[in-house]
Amino acid sequence: MGKPSDLVQGTLDLLILKTLSTEAKHGWAIAKRIQQLSGEVLQVQQGSLYPALHRLEQQGWIKAKWAESETGRQAKFYSLTAAGRGQLERETESWKRLSGAINLIVQEG
Amino acid sequence: MDGFEEERCKKTMRWLHQIWMSLTMLFRRGRAGTALDDELAFHIELQIAENRAAGMSGQEAREAALRAFGNPAALRDQARETWSWSRMELVLRDARIGARTLLRTPGFATIAILVLGLGIGSNIALFTFVRSVLLKPLPFRDPDRLARLYESTTDKNQYNQSSGGIFSEWQKQSRSFTDLSLWGYAGYNLSAGGGQLPENVRAATFSSNTLPTLGVEPALGRNFTAEDDQPSANGTVILSWGLWKRRFGGDPAILNRTILLDARPYTVVGVMPAWFAFPDQTRQLWTPLHYKEPTEVLDALDEHDFVAIGRLKPGVTAAQAEAELSLITKRIHDQHLDNASVSKTANLRPLLDSMVGNVKTPLYVLLAATGCVLLIACFNVANLLVARSAVRRREMAIRAALGGSRMRLLREQLMESLLLSTAGGVFGIALAAAAIQWLLRAQPEMARAEAIHPDMMVGVFALGLVLLSAVFTGALSSLSAGSGKILESLQDSSRSHSAGHGRTRLRKVLLTLEVGLTVVLLTGAGLLLKSYARLRSADLGCVTQNVLTMSLNLPEARYTTDAQRAGFFDSLLTRVRSLPGVQAAGYVFPTVPGAGYGGDSGFRIAEHPPLPQGKGQWARTLFIDPGYFSTMGIPVMRGRTLGEDQRPGHPTEAIVSETFARQYMPGEDPLGKHVRKGPHTYEIVGVTGDTLFEVSEPAAPILYFALDAGEDMNGASLVIRSGRDVAQYALPVQKIVQQMDRDLPVSDILTMDEVIGSNTADASFDATLLVIFAASSLLLAAVGLFGVLSYIVAQRTSEIGIRIALGAQREQVVGHLLFDGIRPALLGLILGLGAATAVTRLLQSMLYRTEALDPLVFGTVSLTLLAVAAFACILPAWRASRLDPAQALRRE
């Protein structure tokens with residue numbers, strides 16, 4: 001199982017931003033979504049998730065709002081900002097370039 | 001905006017957003033913390049719900065969720081780490097913890113703060129002095145272009161005052177200065193008025209261009225104009241701020257009013273600002289130079305009565321200006337080769353240097369001493385911290401075992417040092433403020449005393465000191481924390497070797513350094529003390545006990561003839577002599593012994609062959625009444641004192657001092673020979689013992705003439721001797737003077753002891769300060785030694801117990817222990833003596849008849865230190881000798 005601690009910090013940011021691009025979610029939902037979409041390969045540990053969320057919030061890519069969750073409890077929902085969308089595009093681009101390059105080398109021979 | 005700028009703009013906005021977030025985090029830390037807790041709790045809830053949905057029981061679901069979740073506390077910390085003010089938070093938290101820890105041991109904290117406060121405070125106080133007096137530029141326009149000009153008259157007198165004649169030539173011919181100005185010293189009797197008594201004030205005479213040269217304007221009114229600065233003008237005067245406030249009530253209407261100086265009217269044209277104190281802060285008013293001084297004196301080439309200053313032209317160096325002035329002076333000298341008093345060349349010094357040059361060495365010496373005191377204080381506090389850390393080593397070990405990083409522990413120690421230093425700094429600042437006040441009161445005549453007050457540079461210096469001592473102390477004490485042998489620290493007993501070996505060594509090293517510095521300070525203090533004692537006990541050549549002196553100045557306006565003046569003096573003397581209890585009274589002009597050089601004159605011995613051209617002879621010139629020698633107890637070695645028949649305008653007799661006879665008439669009998677001074681010839685009728693004009697200077701040759709017979713003798717110092725307390729005659733004599741002339745003030749009323757005291761005030765001051773520093777260092781070193789020794793005894797209790805139980809002699813064991821403790825002190829003594837030999841040479845200029853390597857002082861210091869060390873060891877030794885081996889072993 002690819003432990004998220006193997007993930008480069010920027011990659012987790014990319015995943016979070018992507019997950020939030022469709023709709024606002026709280027932390028638990030983000031982790032679950034990443035797990036789902038990756039086919040249970042990537043399990044984000046809370047120890048990495050929340051620091052990453054707060055970092056992204058501080059940098060202004062996402063914004064947070066307290067709202068009522070599906071269980072009825074108050075939860076902190078994160079959503080993408082306009083600047084965040086731009087950052088998502090940029091990061092997707094660079095990931096594509098990077099992974100493309102690595103693929104080329106790995107597939108060589 | 002193009003793409004690049006847009007990018008930059010966005011970046012800035014993001015950066016600002018980040019800062020805003022951080023600030024919000026900082027101030028809403030509490031709320032943000034709770035919010036984070038809520039968020040994490042919510043997350044766990046959902047995880048538990050999922051687990052239960054997957055089939056686990058309630059308890060299992062919970063445990064699984066928590067296990068997967070990890071340590072919420074650590075998580076919280078990690079999340080908080082991203083809030084980038086966490087560093088600040090850490091510092092604050094460390095500070096809080098540090099403060100609490102220190103408060104738990106208030107005794108230790110108090111001592112450490114006091115010690116650091118003493119070190120930091122004394123440094124701040126002295127640096128204020130150094131900064132204000134030596135480093136701060138003069139409060140004039142472009143002060144580094146201002147220079148003091150001197151004439152070089154003889155090899156011995158190269159920094160002589162200026163003569164009016166040569167100065168005029170400088171003014172006419174020199175191209176190196178934008179302004180050249182001449183001024184002089186003066187004193188006036190300020191007449192009674194407005195309910196105030198008559199008063200003698202110190203003053204100065206300025207040319208009309210003196211204030212413009214300095215670049216200063218009066219605060220009220222105006223400067224002298226060129227018309228005011230003429231002998232034929234009406235008298236004008238500028239007051240000092242202090243005099244204006246004190247004597248004239250600070251009333252602006254004083255301008256254009258007339259006051260009487262020496263019974264002559266002067267119109268007040270201006271008042272100087274409060275900060276202005278040129279040439280020194282004792283000058284209370286200024287009058288025009290060319291109005292006051294007689295024209296023939298101002299034109300003379302050989303009367304060095306005045307002071308010349310100048311402002312260098314931009315681009316001209318001091319060396320160039322000096323060379324030019326020297327050339328001009330040389331030309332004049334060569335035209336007057338027959339007059340040996342005409343100067344040969346000129347010298348130049350920056351104005352600031354000329355005013356404070358003689359206090360530079362003492363101030364820097366004192367500053368170095370305070371630096372030593374601070375170092376000693378830091379060593380001491382570091383020692384205390386090491387001792388304390390030894391006590392807490394188990395706590396530290398446990399924390400290290402539980403995962404606390406070493407950096408964290410080190411940070412805490414540094415924080416403690418910082419807290420102590422800051423508290424010490426605050427205390428030190430208070431101490432410094434008090435010390436500065438006291439120092440100023442003890443030395444009111446210090447150069448630039450009016451400029452002494454703390455400013456920005458002092459503040460920065462204080463801050464720097466606090467940080468430096470914090471880092472220094474913290475670093476020193478953390479040296480001992482480095483061993484990291486956790487397991488051993490945790491074990492209760494360690495019989496294989498004494499615990500804290502490394503710590504003991506560190507403490508010993510610190511102690512050695514402390515003792516070494518203390519020895520250096522003690523040696524310096526001892527030398528200054530010896531020098532001062534020699535100074536104080538120097539024989540002036542006259543009686544100094546129970547002799548009162550005071551000065552009078554008869555204003556020319558009311559005492560116009562020599563006969564009037566002589567009459568006043570004679571009549572005053574008769575009345576003073578008739579006071580009950582007065583043994584003797586007399587006059588001398590211009591200075592009593594020990595009160596300064598006075599002035600000298602050129603002369604010729606009539607019976608000697610004429611001197612080669614350009615060579616001159618000078619002797620101090622004093623005017624006395626015949627009763628002077630017996631009043632002052634000056635022995636008349638040969639011949640007699642002056643006759644009573646010396647009348648005004650017909651002086652015929654002179655008396656010489658021993659040095660005069662030895663220097664100018666070796667091998668012959670002076671009696672009966674004749675001295676030519678000016679237009680008159682005098683017969684030498686007596687030879688008297690030497691008197692010193694200053695305690696620390698060798699005797700100069702003196703020529704005595706009759707006061708009555710002198711011309712224009714309007715001043716004199718009255719000296720009175722009595723058998724009992726002579727100070728009680730001050731008031732009666734003043735009353736007599738008042739009766740004889742209501743508007744005549746009496747000034748400088750001092751006993752001879754006080755005269756010597758003010759002469760030696762500087763040396764006394766320096767010695768006192770250094771003794772205080774040395775004594776405090778000795779105390780600190782003694783306490784340090786006591787601490788280290790007690791520590792060693794406590795550490796090695798079990799060892800001692802074992803040794804004694806195994807049969808060693810008690811005295812031997814204790815002795816061995818004590819020697820181990822005293823060794824660093826002995827080492828420190830040797831190091832200190834070595835350092836002192838190198839360093840005390842720098843003191844030589846401050847010492848009077850004392851060698852920098854005085855064996856008596858060095859010996860006394862060594863003995864003192866050994867005695868103090870021995871004393872500090874008594875208690876620990878006693879405790880060690882009373883050790884019951886069984887108890888000691890059981891203590892483990």
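These legends describe close-up views of a predicted model.

Local features here need pLDDT of at least 70, side-chain atom pairs count only at pLDDT 80 or more, and totals for chains, interfaces and linings use all residues. Residues are numbered from 1 along each chain as its sequence is written, while chains are lettered from A and ligands numbered from 1 in the order in which they are written.

**View 1. Chain A meets chain B.** The contact joins 15 residues of chain A to 16 residues of chain B (in contact: C-beta atoms, placed from the backbone, within 7 Å). On chain A, α2 (27-37), α3 (46-59) and β3 (74-80) each give two or more residues (helices are DSSP runs of H or I, at least four residues, and strands are runs of E, at least two, numbered from the N terminus). The largest share, 8 residues, comes from α3(A).

**View 2. The helix α3(A) is largely enclosed by the rest of the structure.** Of its 14 residues, 11 are buried (20 or more other C-beta atoms within 10 Å of the residue's own, all placed from the backbone). Among them are A:L49, A:Y50, A:P51 and A:L53. Just after α3(A), A:G60 takes a positive phi of about 90°.

**View 3. Chain B holds 29 helices and 22 strands.** Its C-alpha trace spans about 135 × 95 × 55 Å along the principal axes. Of the 892 residues of chain B, 40% count as buried. Residues 24 or more positions apart account for 82% of the chain B contacts with a separation of 6 or more.

Definitions and conventions:
Contact = placed C-beta atoms within 7 Å. Buried ≥ 20, exposed ≤ 12 C-beta atoms within 10 Å, placed from the backbone.
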